Each structure stands twice: as structure tokens, then as C-alpha cells.
Amino acid sequence: MISFVHAQLGFLLFFDLRFEDAVNHFLLSETMQPAEIFPFIMRDPNRWSDLVPRKRYWGLHPPPKPLEEVIDDGLVTLQRALFLKKAGVDTVVDEDFLSNPPTRADLLELAIRNIIRYLCVSREKSLSPAEMEGVDTLLMYLYRALDLVDDMEKLASSQNSCVVDELESLLDNSGHLRTLAFLYGSKGMCSQAVAIWRILARNYSTGLWKDRPNLPGTDSQETSADKKSGEEIAAIEASKILQATSDQDLVLEHLGWVADIDQDLATAILTSEMREKQLSSEKVIAALDSEKVGIHQRYLQWLIEDQGCEDPHYHTSYALLLSKSAMEAFHMESNSGEKNDKEIDSDIQFIYSLRERLQLFLQASDLYDPEDVLDVIAESELWLEKAILYRKMGQENIVLQILALKLEDSEAAEQYCAEIGRDDAYIQLLDLYLDPKNGREPMFTAAVRLLHNHGKSLDPIQVLERLSSDMPLQLASDTILRMLRARVHHHRQGQIVHNLSRATNVDARLTRLEERSRHVQLTDESICDSCRARLGTKLFVMYPDDSVVCYRCYRNQGDSVSARGRNFRKDAIFKQSWLVSR
């Protein structure tokens, strides 16, 4: 009964133009349904006319009609009351209305704002799908009536039950394209949503529309440096849709204009993990603009590093793009005469990072074509990259020349020789140090370092043959002396080991001979440990564990297993007398 009274009071107050008090009573009624408000917003017949219930208290107030008509009738009643008051007749109209009569526009705005308040609360209730569609769609109508753009976009971009057919022409005609784009996006109509964002981006870029400062739900207190232009916001919203869709044609159709605004967004679209099915790499690469090297490069990097692509063509393309970027950056850095120190440091850091990525890829991958990459960097100063490529091709001499002569990195050159694992590699490196050619002076210090670190393993004769007569003796005398001493020590140590091994072999052979020639005495009572027959004058065999068998049993069981069941291949036997003691 209380809910019935609240609903009836609400309707009576509503027709008396006291909209705030009316909605307060609506909210207190548990039996009132949101569909009872629909006739005040949209004229019958409409999509939701059948949802409007007919309650008993409807007989106590005028029938529902559009809000404008309710206000017009109420204003007529106010004018009549004013006339009667002047004539000295008492009326039931509120004195506040009579003393300060509101305008039609103020009443209409007040009514709409309070109905919006009621519908927003109704959204939190458990309603049928049809009722929810009506609440959200009519709420969008009311937002548009007051031009509450932020609320429209917030509703459209969130989970909602709006009916697109009822709203798209309305929003399009009124110019609320952002709201329509958000609505399309929330309903999964990706193609229509992205098409609108493209139109918006073009309008913002040409100055046809002014930028909106914030996205729905963002903090309006952000600094001006953090604010994005309308064109950037359109690209961001389009990229959110394109990152989630698996429609390859749609993505490739709109990738270009997003890339023109922000290449990072375009890369995020191509490398998104949110879509159920990844895009075809062949079609993506074919569709990429050749001038947008950054996107092409980062997409290939994602294919290779994150997706584990092993296509040699992609590996070669990625290596070529990295090489060209490194060369361009290196060339720009060499022509940075007018830049300040901070800009120069930033450029150097960028070049270092780029070359490091190139070097790591060249070392890690075995699928690219090193000859193609060499053709690109042949005339550049990327010597370490060249060394890596020549190493992939097995050109050991060229690699040593680059490391030792171009880069003058003795440690890297010696490390490469150690990886080769042959002594002649060190001799080859020594030749390069002592005879660098092209008019360069011999690198005696590096040669001495090489002999000091690895001279013990080199042939002294080969080393002495390669030493130049111009080399100062004091530089290499100590090193050569240590090398010769090490060689003599190694030779003598080998002789000692050889003689010790030889002595041990002689002792072992002597012990074996003694064991095989020892005397064994048998009596008439001696029997075969296998068949238990008397041996008498039969041939017999003695095993290392001192078991004795007749020759026939020995032929049957072999020499690896004795009559006592011991397998000498698996369980060896030793005697103290067998140990070498001399």
C-alpha cells in the first residue's frame, strides 16, 4: 500500500510540475516499473508501448503523455490560477509557482534531469532485456536533449542495452558522431565504428572540428602537455577496436591513416595478442607502406622474437632494415655539427642501442642471408657487424683482420682464435700483428700480448720464423724465453710420462707372465669344480679365482665365467701380487 501511495503521489506531483518531488516518490515505490515513465519520453506507439503496465492508480491521474504536453498543460493551469487569483478566487496551485512562475524551458530541463536521475537508478535494478533496452535508449534520448555529451559518451562506451536502430539516425543528424562511434564499438559493429573514427580524425586534422579535451572517464585535471588532440584520440579509439578484431580486411583498410597519426598505435594493432586469430604476415607486409620503416621493422621483430617465425625471408628482411637504420643513424650522427652536447649524447645513445640490437640479431639468427646484408653495409663503418657476418660465412682470415686491424680489439681477436680451437689461428693472428700491410706499422705490443697469453701452446719454430728483424728484442725476449722454457718443460714432462707408462706396462706384463707360469699341484683326489669328475691325467684349466675345471667343462662355459659362478667381465678380481710394485 505504501508503494502504491508513493507511486500515486509521484504521478500527481509530476502533473503538477513538481518533478523533483515526483521522482523522489517514484524512487520510494517498490512496485512502480520504469516502463511507466516511457510514455512521457516517447510518443505512442513505439517499440516499448506493450511494456507499459496499466496500474490501478492510473485512474487517479491524467493519462501519460509526452513531457512537453504535460508542461504545456501545467502552464495553462498556472495561467488560469493567476487569472482566478486576480479575480479573488482561491486555487489549489502552489503559491511559489504563482509568485515566481517558471519558464517552459526551465521546466523542461528540470523534468528531463529528474527523469534521467530515475532512469539511472533503474539501470541498477533487475529488469527484463526489453525493459533494459528501453531504459538505456531513452536515457540516451534525454542526454541528447540536454546536450550532455560526456554522459552520452560514457553510456555509449560502457556496457549498455541501447537499441542502435533507434539512435543512429538521431545521433548522426545531431552531429554526435563520437557517441555513435562508441555505441557501434560497444555493440561489436567494428566496421561502422572505425569508419566514424576515421571521419573524425580527418575532420580534426583539417580544422573542421575543434578538439575535445578529454576522453570519457579521463581526469579533467591533466596538464596541457598530457592532453591529446582530437585526431590522436580518434586514432587511439580506432586502434582499441582494431587490436581486438580478427577481421583482416578491416585492419588493413584502416591501418594507413592510423599510422599517419601515430606509428606506435599502428604497431600495437599489428602485434596485438587480444585477437583470436592473428593476421596473415604475408598480407600485412604487402600492405605496409615502404616509407614507414619503423612499423615494418617492429612488426618483423615481433614475428621473429615473439611468434618464433623461422622464415629466412623475414629474417633477412629484418636484418636489412636494421642495417639500413643503423647506417642512416650513423651518417646523421657524423653530420651533427650544429647540435648541442645534450642532443649529441642522445644521438649516440640511440645509435648504440640500435647497433646493439642489430649485433645481437646477427649473432643469434642463422636463418638470414649474410651476403645480402654485407652488400648493404659494405661501404659503411659498421666493422663489428661485418665481422659477425664474415664469421657466419666462415671467412676466418677476414674476421681476424677486422678484429685485430680495424677495431684493434686484441681481446676479441684472441677470443675468436680460441673459438676456432686451432693453434694455426693464433699464428695467423700473429702474422697480422707483425705485418699489417697497407703501410701500417707492426703492432708489436699486441703481438707480445698474444705470445704472453698463448705462446705456451704455439710451436716455437713457427713463432721464431715469423718474428720480424725490426722487432725490438727487449719486447719479446722475456715472452720468447718463457715460451721456450714451457716447450722444453712440456717435452720433458711428456718423456717422463712416456717412460713411466712404459715401466708400468713392463711390470704388468711381467706380473702376468708370473701368474700364468706358476705351478699347480694336483693329487689323485682332485676333482673338477664343475662336473665333479676326478681329474687324474686329464687336461685342466685354472681360473683367476683358483677354481679348477677339466678342459671339457672349460670349453662348455668359456673363459669369462668360472666354475664358482663368478663373471670376470662384470666382477673383476685382483690379487695383491698383480699390483705393480717396482
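Partly exposed means a relative accessible area between the buried limit of under 20% and the exposed limit of over 50%. Keep that cut-off in hand for aspartate 546, which at 36% relative accessibility therefore counts as partly exposed. The model on screen is predicted.

**Stop 1: the whole chain**

Show the protein chain as a cartoon. It has 27 helices and 2 strands. Now colour by burial. Of the 582 residues, 40% are buried. Switch to a surface. The chain exposes about 33,800 Å², and carbon and sulfur atoms supply 50% of that area. Contacts tell another part of the story. Take those between residues at least 6 apart in sequence: 57% of them join residues at least 24 apart.

**Stop 2: helix H8**

Select residues 149-157, which form helix H8. Which residues of H8 are buried? They are Val149, Met152, Glu153, Leu155 and Ala156. Turn the view to look down the axis of H8. The buried residues fall within an arc of 165 degrees, so they line one face of the helix. Next, pick Asp150 and Lys154. Both are exposed, on the face of H8 turned away from its buried side. What covers the buried residues of H8? The cover includes helix H7 (129-145), helix H9 (164-174) and helix H10 (177-186). Show these three helices together with H8.

**Stop 3: two backbone details**

Most residues other than glycine have a negative phi, and most peptide bonds are trans. The next two selections depart from that pattern.

Select aspartate 44 and proline 45. A cis peptide bond joins them, with omega at about -10 degrees. Proline 45 sits in the loop between helix H3 (38-41) and helix H4 (67-86).

Jump to glutamate 408. Its phi is positive, near 55 degrees, and the residue is not a glycine. Glutamate 408 lies in the loop that runs between helix H21 (396-406) and helix H22 (410-420).

**Stop 4: the largest pocket**

Select Arg512, Glu515, Arg516, Met542 and Pro544. Of the 14 residues that line the largest pocket, these lie nearest its centre. The space inside is about 660 Å³. Which element gives the most to the lining? Helix H26 does, with 4 residues. Select 473-516 to show H26, then 540-542 to show strand E1; each supplies at least two lining residues. Colour the lining by class. There are 9 nonpolar residues, 5 charged residues and no polar ones.

**Stop 5: methionine 542**

Is methionine 542 buried, partly exposed or exposed? It counts as partly exposed, because its relative accessibility is 27% and the buried class ends at under 20%. Leaving aside residues up to four places away in sequence, methionine 542 touches Arg518, Val520, Ser547 and Val548. Now draw a distance from the C-alpha of methionine 542 to the C-alpha of alanine 563. The separation is 9.7 Å, for residues 21 apart along the chain.

**Stop 6: aspartate 546**

Finish at aspartate 546, in the loop between E1 and strand E2 (548-550). Check its backbone. Phi is positive, at about 70 degrees, although aspartate 546 is not a glycine. Then return to the opening cut-off. At 36% relative accessibility, aspartate 546 counts as partly exposed.

Key. Residues numbered from 1 in each chain as written. Predicted model: local features only at pLDDT ≥ 70, side-chain atom pairs only at ≥ 80, totals over all residues. Heavy atoms only, no water. 1 Å grid on protein atoms, 1.4 Å probe; cavity = no way out; pocket = protein on both sides within 12 Å on 5 of 7 lines; lining within 4 Å. Points joined across faces, edges and corners; volume = space filled by probe spheres on them. Nonpolar A, V, L, I, M, F, W, Y, C, P; charged D, E, K, R; others polar. Buried < 20%, exposed > 50% of the residue type's maximum accessible area, 1.4 Å probe, protein only. Contact = heavy atoms within 4.5 Å. Areas by Shrake-Rupley, 256 points an atom, 1.4 Å probe, with all protein chains shown as cover. Arc of directions from axis to C-beta.
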